[in-house]
Amino acid sequence: MVSTTPKQNRTAELAEQTFRRLLAWLDQGANSNGQSYLAIRERLLGYFDRKNCVQADELADETLNRVARRLEEEGGNIETEMPAKYCYIVARFVFMEYLRAKEREIVALDDIGRQANATSPEDRDRKERLLECLDRCSAKLEASQRELIFGYYSGEQRVKIENRRSLAQTLKITVNALSIRACRIRDRLEHCVRECASGE
Amino acid sequence: MSNSTDQNQVITEYLLGSLPEGESERLDELGVTSQEFAESISASEKDLIDAYVQGELSGAMLAQFESHYLASPIRRERVEFAEAFQVFARTHRALEDSPTRGQADLDRKRKRGWLSTLSIFSEQYPALLRGLALAAIIVIVAGVFVLRQNARLREQMSLEQAHRDELQQREIELQKQLDQLRAGHTAAERELALLREERLRIEEKLSKSGQLPASEAAIVSFILTPQLRGVGQAQSVSIPVNTARVTMRLTLEPNDYQTFTVALLDQSNHQELWHSGKLKAGSRGDDRSLNVSFSALLMKTQSYALQVSGISTNGQAEVLSDYPFKVVKY
């Protein structure tokens, strides 16, 4: 059921025409240059992640593959309220099949505690590596972006809230818009650090 | 602001797996169908992870975070990243805030990489460097903890001081109000006593001249003398049932008081039924007397006493005489 090949290969599994149909259907008449596809894939990934699925990445791809195959069967269009809603319905089926096929891999609390408290030389090395990568990746950000995330995520509790309010005033945007902006920058930074730390 | 806070709260419960199933499924769907909501989830998730890393979670929330949220390896990686990010952010802020280090210094450091400055040292003494780096992290974390505690204490002290000032101000205001009420009360009592005296004088005059209107004949007047020691015989007064008010003249025993109060007591249980305001004695030759008037409804067929107290100049009351009497209603 769920493929275990890397996502690039799985995407390539879809015939080019099928994939183009999927992109066009997700765009609903507009041309987003694949952005709609990437956005829905990211949201599906989040869905499976929040469901504690170990292979969230693969399940998101499996969902989109099924949608694409159905589109092919239906001649390029599926009657639905909106594409994202249909993707969600398919994702629910994929999730239920996943549950049936495999017990969720829940790490026992004791193990987590041990992992959290672990101070092995390997852990220390990994943490140092993360800090080095953070240094490199944050240097790649624009100065304004660096200031924004360090300002946004600094302080605790009330101080943090005040920092954010003041930052939003300085940038003349709402706190909500600021939070989304900071969140996107942090996502990029985290992605960069993960790649750096894994030696990619 | 409040809606946003509520939404954050709901999303946090959702991320911790604490929402009821139906509500959780609704958010599942929104998280896939709405880009905006998906971004809100992502932002709240980062705040939740940071709160965990900074030790702000406690109780059920902490337990739920560790049992539910940390069950996923990807999420544990996020927590690991957040820990490193917090340390790095604090170091970044500290370097920026340092007056001896300018922007140029910071940029130079960034170009070289913050650990790369120690690369030669690291090649020769890698274990020592790791120890130093760890110690630096511990010092930073401890420093932040102490600063946070100080800030909390300062905030608490300032709140308590503000509360104390507020209470003090309220006390002053209440004292003022109380003084005003007391002044008003004394003036009202004085006026009431004068009015009563005046009314009794008029009623007495009308009664003597036989001009008391029929409708006001429901007032009955008596003269009472103080009870002599050893003599228990109380005066008997007859009051028609339709009497509205009873007026009593109390002849006073010789005393030095100028002001008096009178209380009507139920002899059976010594309960005070009525109390006059401050009264001045009227005089006829050497005899002084007090006039009092109260509602006849207070009385039924039984024994009562009017108790006269003298009020000294400093406001203290001394019981002078009792005027027992027996009422017969007919």
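Reader: How many helices and strands does chain A have?

Author: In this predicted model, chain A has 10 helices and zero strands. Reading from the N terminus on, its elements run α-α-α-α-α-α-α-α-α-α.

Reader: What share of the residues in chain A is buried?

Author: Buried residues make up 26% of the 200 residues in chain A. Taking contacts in chain A between residues at least 6 apart in sequence, 66% join residues at least 24 apart.

Reader: Where should I look for a nonpolar core, and which residues have the most contacts inside the largest one?

Author: Here is the general idea to start with. In soluble globular proteins, nonpolar side chains tend to be buried together. In this model, the largest nonpolar core has 37 residues, and those with the most contacts inside it are A:Leu130, A:Leu134, A:Ile149, A:Ala182, A:Val193 and B:Ala84. The elements giving two or more residues to this core are helix H7 (121-140), helix H8 (143-152) and helix H10 (175-197) of chain A, along with H1, H3 and H5 of chain B.

Reader: How many residues does each chain bring to the contact between A and B?

Author: A general point comes first. The size of an interface is often given as the accessible area lost when the parts come together. Here we can count residues: the contact takes 41 from chain B and 42 from chain A. On the chain B side, helices H1 (2-15), H2 (21-33), H3 (35-53), H4 (59-67), H5 (73-97) and H8 (126-209) each supply at least two residues. The largest share of that side, 11 residues, comes from H5(B). Sorted by class, the side of chain B that touches chain A has 19 nonpolar, 10 polar and 12 charged residues.

Reader: At what angle do the axes of H3(A) and H2(B) cross?

Author: Two packed helices are described by the angle between their axes and the distance between the axes. For helix H3 (residues 35-50) of chain A and H2(B), the axes come within 8 Å and cross at roughly 155°. That angle is why H3(A) is described as roughly antiparallel to H2(B). From H3(A), the residues making the contact are A:Arg43, A:Leu44, A:Gly46 and A:Tyr47, while H2(B) brings B:Asp28, B:Gly31 and B:Val32. By class, this contact has three nonpolar, two polar and two charged residues.

Reader: B:Glu23 is in helix H2 of chain B too. Why does B:Glu23 count as partly exposed?

Author: B:Glu23 counts as partly exposed because it has 13 C-beta neighbours inside 10 Å. The C-alpha atoms of B:Glu23 and B:Val10 are separated by 9.5 Å, and the two residues are 13 apart along the chain.

Reader: What do E9(B) and E10(B) form?

Author: They form a hairpin with five residues between them, and B:Gly315 in the turn has a positive phi of about 90°. E9(B) and strand E10 (residues 317-329) of chain B pair in the antiparallel sense over nine bridges. Here B:Ser309 has B:Val319 in E10(B) as its bridge partner.

Conventions
Residues numbered from 1 in each chain as written. Chains lettered and ligands numbered in written order. Predicted model: local features only at pLDDT ≥ 70, side-chain atom pairs only at ≥ 80, totals over all residues. Contact = placed C-beta atoms within 7 Å. Helix = DSSP H or I, 4+ residues; strand = E, 2+ residues; numbered from the N terminus. Nonpolar A, V, L, I, M, F, W, Y, C, P; charged D, E, K, R; others polar. Axes fitted to C-alpha atoms, helices over the stretch in contact; angles between N-to-C directions. Parallel < 35°, antiparallel > 145°, perpendicular 65-115°, else oblique. Buried ≥ 20, exposed ≤ 12 C-beta atoms within 10 Å, placed from the backbone. Core = buried A, V, L, I, M, F, W, Y, C linked by C-beta atoms within 7 Å. Pairing = 2+ DSSP bridges.
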